[in-house]
Amino acid sequence: MNNSFSSDGTNFSASSFFSGNRSESLPLRLKSSAVATSATMFAVGVLSNLIAIVVLCISKKEQKETTFYMLVCGMAVTDLLGTCFTSPVVIVTYVTNRWPGGELLCHLFSFSMLFFGSAGMSILCAMAVERYLAINHAYFYSQYVDRTMARLALTATYLANVVLCIMPSFGFGRHVRHFPGTWCFLDWRAMDPLAAAYSFLYGGVMLLLIAVTVLCNFAVCRSLVGMSQRTRVVRAEVCEQDGSRRRFPKLPSVTSAAEIQMFWLLIFMTVVFLICSIPLVVRIFVNQLYGPARISAGEKPDFHSDLLAIRFASFNPILDPWVYILCRKNLLVKGCERLKRASGIVRADRSRNLGWTSGQNTLPSCADSNPTSCASLRTGNFRRDSGSQTIIRTKSFTDFTAHQSWEYDSARPSFHPFSVD
């Protein structure tokens, strides 16, 4: 173990922790105020994940039977275990100003950091793929994806990450303590080719998971927007031809309210995970690419950037549970109602300013149509000159919905995009 660090920023070999004297005999100069910070983060992380697990357990039976629910539960349990395996060691180190164990504890701590970081990212990637299949390949999803598949995916994820993260304990990579001596992680400034290769392997796997997650979310978002636009075109044509409000319930919705809620939950979790994880992934590549050369040249490593990156990563299991909690149906409904009221006020002000008053420049209306149909009418009038093209698109959308078995929630007058019946 050739990595160098010290509690005051000077260089000394990581192997000095475990050679000659035991690590308990080596005092560390740590700030006493950091104990309160670490203890608070640990308490909040454990409490938040417990609340999230309880919230998931009391969810409706229909939600519990979905594969997405199984993956979310797996993420919550993973975050809880990751907090419980790592934070107590850091707190004890700050309290005693000594590393509480030897090389074995360092290996266990580093394995926990590697495993729970990559396992959480893998589960998030599985959730993104699950949503992609549900929206873009609904027939395949309905035939092959179920709760049993979700359990198998979780099991395979855990096993694959165990294999990936246990490699340094068997010689492919190294576990070392890092500044200020309170945490262990992989040797990301390794001179040894095998240890350097493992740093690139772990960073590459994390980068691949991030790329797949972002691409799947982008594909789902694009599909939802496209389907929504096609639905508005069909409704505009129905309003133009018949004008009857009774026809609207017969039109299929693009996605169910539950799918929309899952999608937004996934988006928020992805944003949180990327903000917390990307700094650590960047530090892995930067340290391994430039760290050995700088150490050979006698330059001092940037330990404070390392510490900042690992602190960002430690916030992820604390913030994730609040995404589950705050994305509950009731909170989303209230938030959307407030947004609707606010947007309604803004639109009313704009209408008065533009002169859209009764008897002046009134928009053409459909007989017996609901208030929202006027917005759709603009699309119908815009496409009136291209009737043949509209008929073709209407037919293709009808064929598409016949194969996809979409739900009919959004056609109801009382529909809300985040309500789940």
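Of the 421 residues in the protein chain, 46% count as buried, where buried means under 20% relative accessible area, exposed over 50% and partly exposed in between, with a 1.4 Å probe and protein chains only. The model is predicted, so local features need pLDDT of at least 70 and side-chain atom pairs count only at pLDDT 80 or more, while totals for chains, interfaces and linings use all residues. Residues are numbered from 1 along each chain as its sequence is written, and side-chain values use heavy atoms, with hydrogens and water left out.

The protein chain holds 12 helices and two strands; helices (H or I, at least four residues) and strands (E, at least two) are DSSP runs numbered from the N terminus. Along the sequence they follow the pattern α-α-α-α-α-α-β-β-α-α-α-α-α-α. Among contacts with a separation of 6 or more, 80% join residues 24 or more positions apart, a contact being heavy atoms within 4.5 Å.

Spanning residues 303-326, α9 has 24 residues and reaches 35 Å from its first C-alpha to its last, close to the 34 Å expected at 1.5 Å a residue; the expected span is 1.5 Å times one less than the number of residues. A kink of about 30° in α9 is centred on Pro317, the bend at a residue being the angle between axes fitted to the seven residues ending there and the seven starting there.

Turning to a single side chain, Glu130 sits in helix α4 (residues 103-136). Glu130 is buried, with a relative accessible area of 5%. Leaving aside residues up to four places away in sequence, Glu130 touches Thr67, Phe68, Leu71 and Tyr141.
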